Amino acid sequence: MNAIVGSHDLLLVTLDTLRFDVAEELAAAGRIPNLVRHLPGGVWEKRHAPGSFTYASHQAIFAGFLPTPARPGPHPRLFAARFEGSESTADGTFVHDTPDILSGLAAMGYRTVCVGGVGFFNRRPPLGSVLPGMFQESHWEPEFGVASPTSFEAQVARAEQVIGELPQEQKLFLFVNVSALHQPNWFHLPGATAAAGDSRTTHAAALEYVDRHIGRLLAAASSRRRCFAIVCSDHGTAYGDDGYTGHRLGHEAVWTVPYAHFLLEPGATR
């Protein structure tokens, strides 16, 4: 990361609540081609989430604790705050003297921008202001939220606007919390009804919806210079697995998440 920070724009996308098994199945079946073309080897990396729900996981991610590879470690981190005794800080880690990635990158001259999705980013109650308040600039509209069938399209349009208004020389760290996977997601499956509710199948349909529009986001993020992108889930969610529904619980469907990072060349995703 020390060869990237300062010369590249940075993009972090959290596909909120995306399960690893669903992401893996859709990639293998060719149902998310726009994402797969950027995944190293065309596959998601299996990782363990740093938290079991959005608030906890993003607090950890913003402190540099991205999802951990699901295999024995230690695993060097991409970003880390400087502190004694860290066993996951290595020579290639971008180390900063601030408590979180955002302030560390701001100190390096980056403009930090949040395009929020789920309720923890909506700035309505005080709790909804904590995470977006860590950024220099944050955006949220009802159209970005979990109840909107066109949430990701609206988020991408805002990201394109933000990027288009930046001076060419200004480095950018852009974060997008994608709400489309989160319940309710039944409306992403043709023919589904609210009465039938959400399921693993509608969750998969939501990921297909995101894939149809992700190319625009990646193109915008790499439109000014090379961009280092991280695309991952913050946690999974259960749909009746072993009797469990939802998240903020310790089930495999919640703790296991898909992860990828890759470089984007300018214009390469158009």
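The model is a predicted one.

Start with charge. Side chains of opposite charge can pair when their charged atoms come close. Here the count comes to 14 salt bridges. One of them joins the side chains of Asp21 and Arg200, with N to O at 3.3 Å. This pair links distant parts of the chain. Asp21 sits in helix α1, residues 20–28, and Arg200 in helix α7, residues 200–221. The two are 179 residues apart. Asp21 has a relative accessible area of 25%, so it is partly exposed, falling between the 20% and 50% cut-offs. Arg200 also counts as partly exposed, at 31% relative accessibility.

Next, take Glu137 and Arg111. Their closest N and O atoms are 3.2 Å apart, and they form a salt bridge. Glu137 lies in strand β7 (residues 137–139) and Arg111 in strand β6 (residues 111–115), so the bridge ties together parts 26 residues apart in sequence. Arg111 has a relative accessible area of 28% and is partly exposed.

Helix α7 comes up again. Its residue Arg216 pairs with Glu160 of helix α6 (residues 151–165), so parts 56 residues apart in sequence are tied together. The closest N and O atoms of this salt bridge are 2.7 Å apart. Arg216 is partly exposed at 35% relative accessibility. Glu160 is partly exposed too, with a relative accessible area of 30%. Salt bridges with shared partners also build one network, made of Arg19, Asp21, Glu25, Arg200 and Asp241.

Now go inside. Helix α3 covers residues 54–62. Which of its residues are buried? They are Thr54, Ser57, His58, Ala60, Ile61 and Phe62. The elements that cover these buried residues include β1 (9–15), α4 (101–107) and β8 (172–178). After α3 comes Gly64, with a positive phi near 100°.

Phe62 leads on to the aromatic rings. A pair of aromatic rings is described by the distance of the centres and the angle of the planes. The model has eight aromatic pairs. Phe62 and Phe175 make one that is edge-to-face, at 5.2 Å centre to centre and 85° between the planes. Phe62 is in helix α3 and Phe175 in strand β8, 113 residues apart, and the pair links these distant parts of the chain. Both residues, Phe62 and Phe175, are buried.

Phe175 has another ring partner, Phe121. The centres of Phe121 and Phe175 are 5.5 Å apart and the planes stand at 45°, so this pair is tilted. Phe121 lies in the loop between β6 and α5 (127–130) and Phe175 in strand β8, so parts 54 residues apart in sequence are tied together. Phe121 and Phe175 are both buried. Ring pairs link Phe62, Phe121, Phe135 and Phe175 into a cluster.

Last, look for empty space. Rolling a probe the size of a water molecule over the atoms shows where empty space is left. The largest pocket has a volume of about 230 Å³. Its lining has 15 residues, and the closest to the pocket centre are Leu66, Pro67, His75, Pro76 and Arg77. Strands β3 (68–69) and β12 (256–264) are the elements that give two or more residues to this lining. What kinds of residue make up the lining? Eight are nonpolar, five polar and two charged.

Conventions:
Residues are numbered from 1 along each chain as its sequence is written. This is a predicted model: local features need pLDDT of at least 70, side-chain atom pairs count only at pLDDT 80 or more; totals for chains, interfaces and linings use all residues. Side-chain values use heavy atoms; hydrogens and water are left out. A salt bridge is a side-chain nitrogen of Lys or Arg within 4 Å of a carboxyl oxygen of Asp or Glu. Helices (H or I, at least four residues) and strands (E, at least two) are DSSP runs, numbered from the N terminus. Buried means under 20% relative accessible area, exposed over 50%, partly exposed in between (1.4 Å probe, protein chains only). On a 1 Å grid over the protein atoms alone, a cavity is a set of points where a 1.4 Å probe fits but cannot get out, and a pocket is an open set with protein on both sides within 12 Å along at least five of seven lines; lining residues have an atom within 4 Å of a point. Grid points are joined across faces, edges and corners, and a volume is the space filled by probe spheres set on the points. Ala, Val, Leu, Ile, Met, Phe, Trp, Tyr, Cys and Pro count as nonpolar, Asp, Glu, Lys and Arg as charged, and the others, Gly among them, as polar. Contact means heavy atoms within 4.5 Å. Rings of Phe, Tyr and Trp (its six-membered ring) pair if their centres lie within 6.5 Å; planes under 30 degrees apart count as stacked, over 60 as edge-to-face and the rest as tilted.
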